[in-house]
Amino acid sequence: FPFYNNKDIKLLFKNLENGESKDVDVAMFVGGCVRNYLQSKKIGDIDMATIFTPDELKKKLKYSKFKIIDTGLEHGSVTIVSDNNKFELTTLRKDIKTDGRHAEIKTIDDWKEDSKRRDFTINAIYLSKKGKIFDPQQGVSDLKNNIVKFIGDPQTRIEEDFLRIIRFIRFTIQYKSPIEYSTVQAIKLNLNGVKALSKERVL
């Protein structure tokens with residue numbers, strides 16, 4: 001059955017939706033789990049985006065079976081753990097200021113706006129708890145064609161976070177993707193930025 005029918009996931013959504021409008025998506029799956037689901041591949045890590053801040057998540061899950069671990073509060077991220085599963089939840093956000101390594105963020109409740117700050121179109125495909133796709137950057141089409149493409153201008157996206165150069169190379173190899181000339185040029189112009197990254201991030 002689809003991974004989102006897992007008992008823990010259903011229970012997590014029940015806790016998150018408690019007291020909220022039924023018309024609102026409080027959280028959606030995003031990233032690798034969605035890519036793998038669409039390509040019928042094995043799903044490992046489960047990442048989700050949510051309208052709730054880490055503090056709101058803690059209140060929502062205070063009396064539940066889920067434990068919350070602070071893993072990246074500066075990015076609006078927490079890890080939610082149950083007996084058998086763990087989920088990475090990150091608040092919808094907009095990057096206000098970046099320096100090639102760190103981002104100053106603003107939490108938002110706009111899914112399309114959140115998609116614009118992500119790196120590649122194939123990483124901006126959202127999947128609801130019922131299996132409905134939200135694809136504001138046309139990532140599904142790129143995934144079907146094994147195309148790894150930056151969202152917006154490659155030069156701008158790389159300057160926001162130089163780690164994206166390494167991520168681009170990794171995904172391009174993984175999907176055997178063709179590469180646009182403008183992307184090659186943007187990577188060449190920014191290669192020195194990789195030196196500024198910590199060894200842990202590069203690894």
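Buried means under 20% relative accessible area, exposed over 50% and partly exposed in between, computed with a 1.4 Å probe on protein chains only. The views show a predicted model, in which local features need pLDDT of at least 70, side-chain atom pairs count only at pLDDT 80 or more, and totals for chains, interfaces and linings use all residues. Residues are numbered from 1 along each chain as its sequence is written, and side-chain values use heavy atoms, with hydrogens and water left out.

**View 1. Helix α7 and its buried residues.** Helices (H or I, at least four residues) and strands (E, at least two) are DSSP runs, numbered from the N terminus. The buried residues of α7 are L163, R164, I165, F168, F171, T172 and Y175. Contact means heavy atoms within 4.5 Å. The cover over these buried residues includes α2 (32-38), α5 (139-144), α6 (154-160), α8 (181-189) and α9 (199-202). With 13 residues, α7 reaches 18 Å from its first C-alpha to its last, close to the 18 Å expected at 1.5 Å a residue; the expected span is 1.5 Å times one less than the number of residues. Just after α7, K176 takes a positive phi of about 50°.

**View 2. The ring pair F171 and Y175.** Rings of Phe, Tyr and Trp (its six-membered ring) pair if their centres lie within 6.5 Å; planes under 30 degrees apart count as stacked, over 60 as edge-to-face and the rest as tilted. By this rule the count comes to 12 aromatic pairs. One of them is the stacked pair of F171 and Y175, at 6.5 Å centre to centre with 25° between the planes. The two residues are 4 residues apart in helix α7 (residues 163-175), so about one helical turn separates F171 from Y175. F171 is buried at 2% relative accessibility, and Y175 is buried at 4%. R170 lies over the face of F171, at 4.5 Å from the ring centre; a charge sits over a ring if NZ of Lys or CZ of Arg is within 6 Å of the ring centre and within 35 degrees of the ring normal.

View 3. In helix α1 (residues 7-17), D8, I9, L12, F13, N15 and L16 are buried. Seen down the axis of α1, these residues fall within an arc of 160°, so they line one face of the helix; the arc is that of the directions from the helix axis to the C-beta atoms. The face turned away from the buried side of α1 carries the exposed residues K7 and K14. Elements covering the buried residues of α1 include β1 (27-30), β2, α3 (54-60), β4 and β5. Ring pairs link F13 with F3, Y4, F29 and Y37 in a cluster.

**View 4. Strand β5 and its partners.** Two strands pair if DSSP finds at least two bridges between them. Strand β2 (residues 46-50) pairs with strand β5 (residues 86-91) in the parallel sense over 5 bridges, and I46 has F87 as its bridge partner in β5. Strand β4 (residues 77-81) pairs with β5 in the antiparallel sense over 5 bridges. Here T79 has E88 as its bridge partner. A hairpin is formed by β4 and β5, with 4 residues between them.

**View 5. P154 in helix α6.** P154 is found in helix α6 and is buried, with a relative accessible area of 10%. Leaving aside neighbours within four places in sequence, P154 is in contact with S182, T183 and A186. The C-alpha atoms of P154 and E180 are separated by 9.9 Å, with the two residues 26 residues apart along the chain.
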